[in-house]
Amino acid sequence: INKESEDKFSKGEAAFSFNGSWAVNVYNQLNPELNYAFFSLPRVSEKYPVRIWGGAGSAFMVNAASPKKEEVIDFLNWLTSKKQQVYLVKETNNLPAIKECDNALPEILAPLSEHFDMLTHPNTWPRNENSRVIEVLNKGLQQIVMGIKTPEEVASEAQRVKERVMRR
């Protein structure tokens, strides 16, 4: 569904798309002339802040028992150094792994750096929703954007899956 949504957005058949920084390269490939920008979700309540999913989705792991542990650590230190991250930002149009590279961000990605304090991710939460329910909600959001389902249909489907999961 996400690939279809990206395709429709890049062709001007959709007004907006739920996507992250990785979309820069997708849209450059699908339509290099596409004129778009990232924006934060609007605040719907003074009581609750806006939270944006992202930022903590990947991490490097080093096996403490590996005979190559020191070499791996040296490599990761090199890879995440400011010099290397600035190079990667410029060459890949991806967000850096460290914060000190804001002035190296391409124009299309620069506004995203203003919202890093709004990031949230399940890896940072004390409890998480069941993955089957999350899958229904994620797919459902894309289906709503594409006009395939209504919000009520997605909510009903998510409720059915949640009830099924809770009975287990």
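**Exercise 1. A bridge across the chain**

Which residue's side chain meets that of glutamate 129 in a salt bridge, and what is the N to O distance?

*Solution.* Before starting, note that this is a predicted model: local features need pLDDT of at least 70 and side-chain atom pairs count only at pLDDT 80 or more, while totals for chains, interfaces and linings use all residues. Residues are numbered from 1 along each chain as its sequence is written, and side-chain values use heavy atoms, with hydrogens and water left out.

Step 1: apply the criterion, a side-chain nitrogen of Lys or Arg within 4 Å of a carboxyl oxygen of Asp or Glu. The partner of glutamate 129 is lysine 162, at 2.8 Å from N to O.

Step 2: classify the exposure. Here buried means under 20% relative accessible area, exposed means over 50%, and partly exposed lies in between (1.4 Å probe, protein chains only). Glutamate 129 is partly exposed because its relative accessibility is 33%. Lysine 162 has 26% and is therefore partly exposed.

**Exercise 2. Serine 10 and leucine 34**

Is serine 10 buried or exposed, and which residues does leucine 34 touch?

*Solution.* Step 1: locate both residues. Helices (H or I, at least four residues) and strands (E, at least two) are DSSP runs, numbered from the N terminus. Serine 10 belongs to helix α1 (residues 2-10), and leucine 34 to the loop between α2 and β1.

Step 1: serine 10 is buried because its relative accessible area is 3%. Leucine 34 is also buried, at 18%.

Step 2: list contacts (heavy atoms within 4.5 Å). Leaving aside neighbours within four places in sequence, serine 10 is in contact with Tyr27, Leu30, Asn31 and Leu34. By the corresponding count, leucine 34 touches Phe9, Ser10 and Tyr27.

Step 3: Leucine 34 and phenylalanine 9 are 25 residues apart along the chain, and their C-alpha atoms are separated by 9.1 Å.

**Exercise 3. Two surface patches**

*Solution.* Step 1: recall the rule. Patch residues have over 30% relative accessible area and no salt bridge; like charges are joined within 9 Å, and nonpolar side chains (Val, Leu, Ile, Met, Phe, Trp, Tyr) within 5 Å. Accessible areas come from the Shrake-Rupley method with a 1.4 Å probe, and for residues only the protein chains shown count as cover.

Step 1: the nonpolar patch covers about 500 Å² and is made by Phe16, Phe18, Phe39, Leu41 and Leu141. One of these, phenylalanine 39, lies in the loop between α2 (23-30) and β1 (52-53) and is exposed at 62% relative accessibility.

Step 2: Helix α7 (residues 151-167) gives the most, with three residues. Arginine 168 lies in the segment after α7 and is exposed, with a relative accessible area of 67%.

**Exercise 4. A backbone angle and the whole fold**

Where is asparagine 93 found, and how many helices and strands are in the protein?

*Solution.* Step 1: asparagine 93 is in the loop between α4 (82-92) and α5 (110-113). Its phi is near 60°, a positive value in a residue other than glycine. Most residues other than glycine have a negative phi.

Step 1: the protein has seven helices and two strands, in the order α-α-β-α-α-α-β-α-α from the N terminus.

Step 2: of the 168 residues, 27% are buried. The C-alpha trace spans about 50 × 45 × 35 Å along its principal axes.
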